[in-house]
Amino acid sequence: MNRVNRKFNWILGFVGFIISLLIITAPDEVDYNEWLSSKQGIICDHSGLESGCKMGARAINRDTKEIKNARIYLQVRETFSQSNKEYDIKAVGVLNHFFDMSSFTIYD
């Protein structure tokens with residue numbers, strides 16, 4: 001019986017360690033904005049009187065933004081539009097890394 005208790009305690013400790021690691025390394029919205037800038041080329045400025053987003057030198061409209069923070073991961077979905085293009089950005093952040101699940105669609 002004592003052996004079973006030690007095994008259970010070891011498994012419980014390991015699961016607790018993994019959950020703690022996920023919580024500590026979960027990215028936040030600032031990390032997402034840095035990723036959006038570096039990987040997608042979209043820079044959003046929320047400071048000062050003017051707030052807006054740019055893709056390169058051209059302005060881009062943010063249509064929607066949804067953020068789900070589950071403490072162990074961050075899930076973001078944003079849509080942007082520019083001229084006749086719509087950009088649907090989907091990303092999941094875990095362990096200080098974002099995984100891109102985006103699609104870019106051109107509507108005529």
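**Aromatic pairs and the disulfide**

Trp-10 and Phe-14 lie 4 residues apart in helix H1, which spans residues 2-24, and are therefore separated by about one helical turn. The model described here is predicted. Within it, 4 aromatic pairs are found. One of these joins Trp-10 and Phe-14, whose ring centres are placed 5.8 Å from each other.

Trp-10 has a relative accessibility of 58% and is classed as exposed, since the exposed class begins over 50%. Phe-14, with a relative accessible area of 45%, is partly exposed.

With regard to cysteine pairing, the structure contains 1 disulfide. This bond links Cys-44 to Cys-53, with a distance of 2.1 Å between the two sulfur atoms. The torsion about the S-S bond is 105°, and the link between Cys-44 and Cys-53 is right-handed.

Both cysteines were also examined for accessibility. The relative accessibility of Cys-44 is 17%, so this residue counts as buried. For Cys-53 the corresponding value is 8%, and Cys-53 is likewise buried. Both assignments follow because buried denotes a relative accessible area under 20%. The disulfide of Cys-44 and Cys-53 is thus formed by a buried Cys-44 and a buried Cys-53.

Technical notes:
Residues are numbered from 1 along each chain as its sequence is written. This is a predicted model: local features need pLDDT of at least 70, side-chain atom pairs count only at pLDDT 80 or more; totals for chains, interfaces and linings use all residues. Side-chain values use heavy atoms; hydrogens and water are left out. A disulfide is a pair of cysteine sulfur atoms within 2.5 Å. Buried means under 20% relative accessible area, exposed over 50%, partly exposed in between (1.4 Å probe, protein chains only). Rings of Phe, Tyr and Trp (its six-membered ring) pair if their centres lie within 6.5 Å; planes under 30 degrees apart count as stacked, over 60 as edge-to-face and the rest as tilted. Helices (H or I, at least four residues) and strands (E, at least two) are DSSP runs, numbered from the N terminus.
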